Amino acid sequence: MEIKKAAVAGTLESSDCMVTVEPGSGTVELDLESAVIRQFGKQIRKVINETLANLDVTDAKVTVVDKGALDCTIKARVECAVYRSNGITNNLPWGGAIK
Amino acid sequence: MNPNLKRLRRSMMFLNCQKPGLIKDPYIYAPDSIMLDLEDAVAEREKDAARYSLYHALQEIDYRGVERVVRINGLDTDLWEEDIRCAVAGGCDAIRIPKTETAEDVRRVENAVIAAEKEFGREDGSTLIMAALESAKGVMNAFEVCSASERLFGIALSGGDYTKDLQTTISGTGVELMGARQHMIIAARAAGVQCFDTVYTNLKDMDGFRRDVETIHTMGFDGKSIINPRQIPIVHEIFTPTEKDIIFAEKVVREIDTKKAQGIGVFTVDGKMIDIAFYDGAKRTLALAKASGVYKGDL
């Protein structure tokens, strides 16, 4: 899926994360900030990259500020930002690209 | 028939799907049901975000047997059909319809649920429905709402909107809710479904909350909507039969069975007159005690 415009999802509250997606320059560029980056940085990156791959996003600048979010929240925020960048809110592929 | 139609629902706790911190581990408070809210608690511009959180929470969080009900947006919005697709795809246990006024409202939701179960490969009939009555018209039509679908397990009063429609306010005494409560419990029982009371919003007045729960328990309600974990132990305490209740109910059931075989219709148990009319009530007490985990007997 193409990132058509910059979009944000999530908050900086505890157990949440804020995800910003912007049009990229040919690849996926991920910038991650997290208080638990030493313990969980690898896992958080993996979840973000897998979620982007499921959505077929191959060209984007992605910025994530994590506040201790569970994997399910990270996925939800990434998906929300990507679909917002496309202005899509209905007939979403639950169980398909969203999994 | 879905075996969960009549499950134990003493406490049904609202949780805002917009807040990941709220929906990640509510099972630690052990409510009987949680109501994952996509409606009033979610800001208008976060309606989409709440759905993604809901879907992944349903798919990935083990709620440890707590029933997962999803409150969708109203049928007067362009949100409710996608809410149902999301909730059913995620595998929710039930859909709560807000602002229900007619049997047709229930059937519209039922049709969308059936379509979603088919689309996402979920078992036919696995998603139950409950209806919230939030207006004078909804309360007046309670029986037709209760009878509208075999998936409908119960109705719930939503006191805030209802009192607004009556042109009054929540007083804390329950006077303004008396008519609706009485009408709804009668309609629910006539239709054979459960009935749930509205939330009690003053968290500083726990004595008032206790009195409120005692009132609706006496009226015959099955449970109460909850907005804070602190309210759960009080509801469970009041809705769970005491040891004395259980012992008496056991005696009543055994004595009625024995006396019936002897051709005796009326007799006394612990000084109280008992006849066949007490049988179903005693059986219900034991079933509730069993479901609440406080009775291991065989009756």
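Two strands pair if DSSP finds at least two bridges between them. Helices (H or I, at least four residues) and strands (E, at least two) are DSSP runs, numbered from the N terminus.

This is a predicted model: local features need pLDDT of at least 70, side-chain atom pairs count only at pLDDT 80 or more, and totals for chains, interfaces and linings use all residues. Residues are numbered from 1 along each chain as its sequence is written, with chains lettered from A and ligands numbered from 1 in written order.

**Stop 1: the sheet of chain A**

Select the four strands of chain A. They form an open, mixed sheet in the order 1-2-4-3. Its edges are strand 1 (7–10) and strand 3 (28–34) of chain A, each pairing on one side only.

Now select strand 2 (residues 17–23) of chain A. Strand 2 runs antiparallel to strand 1 of chain A, joined by four bridges. Pick A:G10: its bridge partner in strand 2 is A:M18.

Next, show helix 2 (residues 71–86) of chain A. Helix 2 packs on the sheet, touching strand 1 and strand 2 of chain A. Touching means contact: C-beta atoms, placed from the backbone, within 7 Å.

**Stop 2: helix 3 of chain B**

Move to residues 80–90 of chain B. Ten of the eleven residues in this helix 3 are buried (20 or more other C-beta atoms within 10 Å of a residue's own, with C-beta atoms placed from the backbone). Among them are B:W80, B:I84 and B:V88. What do the buried residues of helix 3 of chain B pack against? Select helix 2 (47–60), strand 3 (67–71), strand 4 (94–97) and helix 4 (103–119) of chain B.

End at B:G91. Just after helix 3 of chain B, B:G91 takes a positive phi of about 95°.

Terms used
A residue is buried if 20 or more other C-beta atoms lie within 10 Å of its own, exposed if 12 or fewer, and partly exposed in between; C-beta atoms are placed from the backbone. Two residues are in contact if their C-beta atoms, placed from the backbone, lie within 7 Å. Axes are lines fitted to C-alpha atoms, for helices over the stretch in contact, and angles run from 0 to 180 degrees between N-to-C directions.
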